[in-house]
Amino acid sequence: MTIYNDLKDKHVLVTGAARGIGYAQVQSFLQQGAKVTGLDLQQSHLKHENYTFVQIDLRDVTALTEFLNQSTFDIVCNTAGILDDFKNIAETSYTEFTDLLKVNLDAMFIITKQLVDKKQPIVFVNMSSYAGLFASGGGVSYTTSKHAINGLTKEIAFEYGKFGVRANAIAPCLVKTEMAQADFETGLNVKLAQETVFNRYAEPAEIADLTLFLASDSSKYITGQIINIDGGYSLGKSIEL
Ligand SMILES: NC(=O)c1ccc[n+]([C@@H]2O[C@H](COP(=O)([O-])OP(=O)(O)OC[C@H]3O[C@@H](n4cnc5c(N)ncnc54)[C@H](O)[C@@H]3O)[C@@H](O)[C@H]2O)c1
């Protein structure tokens with residue numbers, strides 16, 4: 001594991017911390033000696049002297065705002081997200097659309113707004129997706145939310161760089177987590193894996209490795225970028241001749 005000395009003692013917030021990519025990010029920051037706060041809807045069983053957990057539903061704007069009022073962070077990983085079962089617009093009600101946006105996008109807006117208002121250095125690592133760059137990685141709600149996250153990330157990087165704020169987003173394709181469980185059950189994972197150049201899916205720890213780099217001073221001249229981590233999935237499709 002690469003050690004980033006500047007991450008030691010940094011205060012880090014990770015949303016979606018109870019499992020999957022968020023959980024891997026929490027563990028990675030703890031290994032760097034950071035002080036980590038995890039936020040999730042579900043309970044977390046992780047115990048560590050440098051770990052604090054808060055159980056909040058990101059759709060609860062009052063609870064989220066109260067929590068942010070009492071906190072300061074150097075690094076924020078906006079990782080929590082939900083899927084839309086690949087539903088197209090005809091299959092999606094307006095309520096389903098706005099419910100998904102509340103979790104994937106609105107909460108990120110609320111967290112970001114409250115923290116950048118302080119006009120102090122802070123690093124954001126936002127969780128986008130392959131679906132933030134291309135159609136077909138999700139349904140209409142998920143794809144819209146992930147494209148919007150890229151816009152939010154770029155706008156914050158552009159407007160607040162002068163205050164020492166950096167914001168980047170990570171765009172994974174298929175990562176082996178509970179969110180992707182359905183893909184692993186249907187065999188879609190095998191098909192997707194075959195369309196990467198490495199013939200495999202990503203592990204959550206690989207997304208966490210990229211997160212550490214983007215959160216650390218090693219990437220201090222990188223901002224407003226959407227970093228694709230998809231094993232070459234988006235490079236193109238093989239043509240059968
Ligand atoms: N797994 C993948 O293949 C993949 C690919 C691309 C992008 N992503 C993105 O990575 C992020 C993490 O995905 P994952 O695979 O770890 O998913 P996951 O479902 O395994 O974990 C997501 C976590 O977010 C939490 N969460 C969901 N709604 C919440 C809410 N309202 N309030 C608070 N917490 C809430 C869940 O409880 C869960 O612990 C998501 O934003 C997802 O869109 C995942």
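Which residues does glycine 138 touch, not counting residues up to four places away in sequence? Glycine 138 touches Leu83, Asp84, Phe86, Ala131 and Thr143, where contact requires C-beta atoms, placed from the backbone, to lie within 7 Å.

The model is predicted: local features need pLDDT of at least 70, side-chain atom pairs count only at pLDDT 80 or more, and totals for chains, interfaces and linings use all residues. Numbering of residues starts from 1 along each chain as its sequence is written.

**Overall fold**

The protein chain holds 7 helices and 7 strands; helices (H or I, at least four residues) and strands (E, at least two) are DSSP runs, numbered from the N terminus. Along the sequence the pattern is β-α-β-β-α-β-α-β-α-β-α-α-α-β. The C-alpha atoms of the protein chain fill a box of roughly 55 × 40 × 40 Å along the principal axes. A compact globule of 241 residues would have a radius of gyration near 18 Å, and the 17 Å of the protein chain agrees with this. That radius is taken over C-alpha atoms, and the globule rule is 2.2 Å times the number of residues to the power 0.38.

Of the 241 residues, 40% count as buried. A residue is buried if 20 or more other C-beta atoms lie within 10 Å of its own, exposed if 12 or fewer, and partly exposed in between, with C-beta atoms placed from the backbone. Among contacts between residues at least 6 apart in sequence, 71% join residues at least 24 apart.

Glycine 138 lies in the loop between strand E5 (122-127) and helix H4 (140-160). Lysine 87 is 51 residues from glycine 138 in sequence, yet the two are 7.6 Å apart, C-alpha to C-alpha. Aspartate 9 has a positive phi of about 70° although it is not a glycine, and aspartate 85 has a positive phi near 55°. Aspartate 9 lies in the segment before strand E1 (11-15), while aspartate 85 is in the loop between E4 and helix H3 (94-116). Their neighbour counts are listed with that of glycine 138.

| Residue | C-beta neighbours inside 10 Å | Class |
|---|---|---|
| Glycine 138 | 23 | buried |
| Aspartate 9 | 11 | exposed |
| Aspartate 85 | 12 | exposed |

The 21 residues of H4 should span 30 Å at 1.5 Å a residue, and its end C-alpha atoms are 30 Å apart, which agrees. The expected span is 1.5 Å times one less than the number of residues. Buried residues of H4 include Thr143, Ile149, Leu152 and Ile156. What covers the buried residues of H4 includes H3, E5, E6 and E7.

Helix H7 (residues 204-215) has 12 residues and reaches 16 Å from its first C-alpha to its last, close to the 16 Å expected. In H7, Pro204, Ile207, Ala208, Thr211, Leu212, Leu214 and Ala215 are buried. They cover an arc of only 165° around the axis, so they lie on the same side of H7; the arc is that of the directions from the helix axis to the C-beta atoms. The cover over the buried residues of H7 includes H1, strand E4 (75-78), E5, strand E6 (165-172) and strand E7 (226-229).

**Ligand shell**

Of the 26 residues around the ligand, Gly16, Gly20, Gly81, Thr177 and Met179 come nearest; a residue is near a molecule if its C-beta atom, placed from the backbone, lies within 6 Å of it. Helix H1 (residues 20-31) gives the largest share of the shell, 3 residues. By class the shell has 13 nonpolar, 8 polar and 5 charged residues. Ala, Val, Leu, Ile, Met, Phe, Trp, Tyr, Cys and Pro count as nonpolar, Asp, Glu, Lys and Arg as charged, and the others, Gly among them, as polar.

Technical notes:
Two residues are in contact if their C-beta atoms, placed from the backbone, lie within 7 Å.
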